[in-house]
Amino acid sequence: MSIQESPSPAGRPRDPEVERSILTATQDLLIEHGYPGTTIAAVAARAHCGKSAIYRRWGTKAELVVAAVSDLQVAAEVPDTGDLRDDLLRAALHFAATDERSGPVLASLLSEIGRDRELYDVAYRLIGGPPVAAIETVIRRAIERGEVSPEAPVTLVAGIVPTAAFGSISLRKRSLEPQAVVDLVDRVLLPALRAAPPPSGT
C-alpha cells in the first residue's frame with residue numbers, strides 16, 4: 001500500500017519509515033539511472049509517497065541526493081592520539097570505510113558536481129568538507145606540537161587522500177583499499193610534511 005502523507009498537526013514527528021523509504025529510493029535510482037534520472041517524481045513513485053513528503057524534508061533535489069549519499073557515509077572523526085602517523089591514518093582511513101552500495105551512489109553524485117554548482121556546494125559542505133577538515137586539524141595539531149614545520153603545505157597535503165579516494169570512486173565505483181590509504185600516508189603525506197623546513201630555533 002502506498003504511503004501517503006497528509007498535513008501533520010503542529011509538533012507531530014515525521015514518520016521515520018517514510019524518510020527511510022525516500023532515502024533508499026533515491027539511492028536505488030542513483031545506482032540505476034544516475035543523477036539525471038533521479039528526479040523528485042521518480043523518487044516519490046519508488047518510495048510510494050507524494051512529492052510533498054519529499055519537499056517537506058529537503059528543499060531541492062540537490063539536498064535530497066546529498067542526504068541520500070550522506071546516509072551511506074561514515075561520520076568523519078578527528079583523532080587525537082598525540083602521534084602524527086596514527087592520527088593521519090585514523091583520519092585518512094575514513095576514505096576506505098565505504099561498502100559496495102555506497103561506491104556507486106557516491107559515483108553518481110561525483111559525476112555531476114562539476115556541472116551543478118548548487119550540488120557541489122551542498123555536497124562539499126556535508127560530505128567532502130568534514131573528512132578533509134579532520135586531516136587538516138590533525139596536521140595543524142602536529143604543527144602546534146612542533147612535529148611539523150609551520151611552512152608545511154597543510155591544505156595541499158590534506159587533499160591528497162580525498163583526491164585519490166574520489167578518483168577511485170569516479171573511475172572504479174569503489175573506495176580505496178585500506179592498504180592504499182596506509183601507503184599514501186607513509187609514502188606521500190608524511191614525507192611531504194617532513195620535507196618542509198623545520199620550525200625556527202630547532
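This section describes the helices of a predicted model and the packing between them.

The chain holds 10 helices and 0 strands. Read along the sequence, its pattern is α-α-α-α-α-α-α-α-α-α. Of the 202 residues in the chain, 42% are buried. Contacts with a separation of 6 or more were also examined, and 70% of them join residues 24 or more positions apart. The chain exposes about 10600 Å². Carbon and sulfur atoms supply 54% of that area.

Helix H6 spans residues 102-110. H6 is mostly covered, with 9 of its 9 residues buried. The buried residues are Ser102, Gly103, Pro104, Val105, Leu106, Ala107, Ser108, Leu109 and Leu110. They pack against H1, H4, H7 and helix H9 (160-172). Ser102 lies in this helix. Its relative accessibility is 1%, so Ser102 counts as buried, the cut-off being under 20%. Neighbours within four places in sequence aside, Ser102 is in contact with Leu72 and Gln73.

Helix H1, one of the partners of the buried H6 residues, covers residues 16-37. Thr26 belongs to H1. The relative accessible area of Thr26 is 0%, and Thr26 is therefore buried. With neighbours within four places in sequence again left aside, Thr26 is in contact with Thr38, Val43, Leu64, Val65 and Ala68. Among these contacts, Leu64, Val65 and Ala68 fall within the range of helix H4, residues 61-70.

H4 and H7 are both among the elements against which the buried residues of H6 pack. These two helices also meet each other. Two packed helices are described by the angle between their axes and the distance between the axes. H7 runs over residues 117-145. The axes of H4 and H7 come within 9 Å. They cross at roughly 30 degrees. Angles under 35 degrees count as roughly parallel, so H4 is roughly parallel to H7. The crossing of H4 and H7 is right-handed.

On the H4 side, the contact is made by Ala62, Glu63, Val66, Val69 and Ser70. On the H7 side, Glu118, Leu119, Val122, Ala123, Leu126 and Ile127 take part. By class, the contact of H4 with H7 has 8 nonpolar residues, 1 polar residue and 2 charged residues.

Notes: Residues are numbered from 1 along each chain as its sequence is written. This is a predicted model: local features need pLDDT of at least 70, side-chain atom pairs count only at pLDDT 80 or more; totals for chains, interfaces and linings use all residues. Side-chain values use heavy atoms; hydrogens and water are left out. Axes are lines fitted to C-alpha atoms, for helices over the stretch in contact, and angles run from 0 to 180 degrees between N-to-C directions. Helices (H or I, at least four residues) and strands (E, at least two) are DSSP runs, numbered from the N terminus. Angles under 35 degrees count as roughly parallel, over 145 as roughly antiparallel, 65 to 115 as roughly perpendicular and the rest as oblique. A crossing is left-handed if the near helix is turned anticlockwise from the far one by less than a right angle, and right-handed if clockwise. Contact means heavy atoms within 4.5 Å. Ala, Val, Leu, Ile, Met, Phe, Trp, Tyr, Cys and Pro count as nonpolar, Asp, Glu, Lys and Arg as charged, and the others, Gly among them, as polar. Buried means under 20% relative accessible area, exposed over 50%, partly exposed in between (1.4 Å probe, protein chains only). Accessible areas come from the Shrake-Rupley method with a 1.4 Å probe; for residues, only the protein chains shown count as cover.
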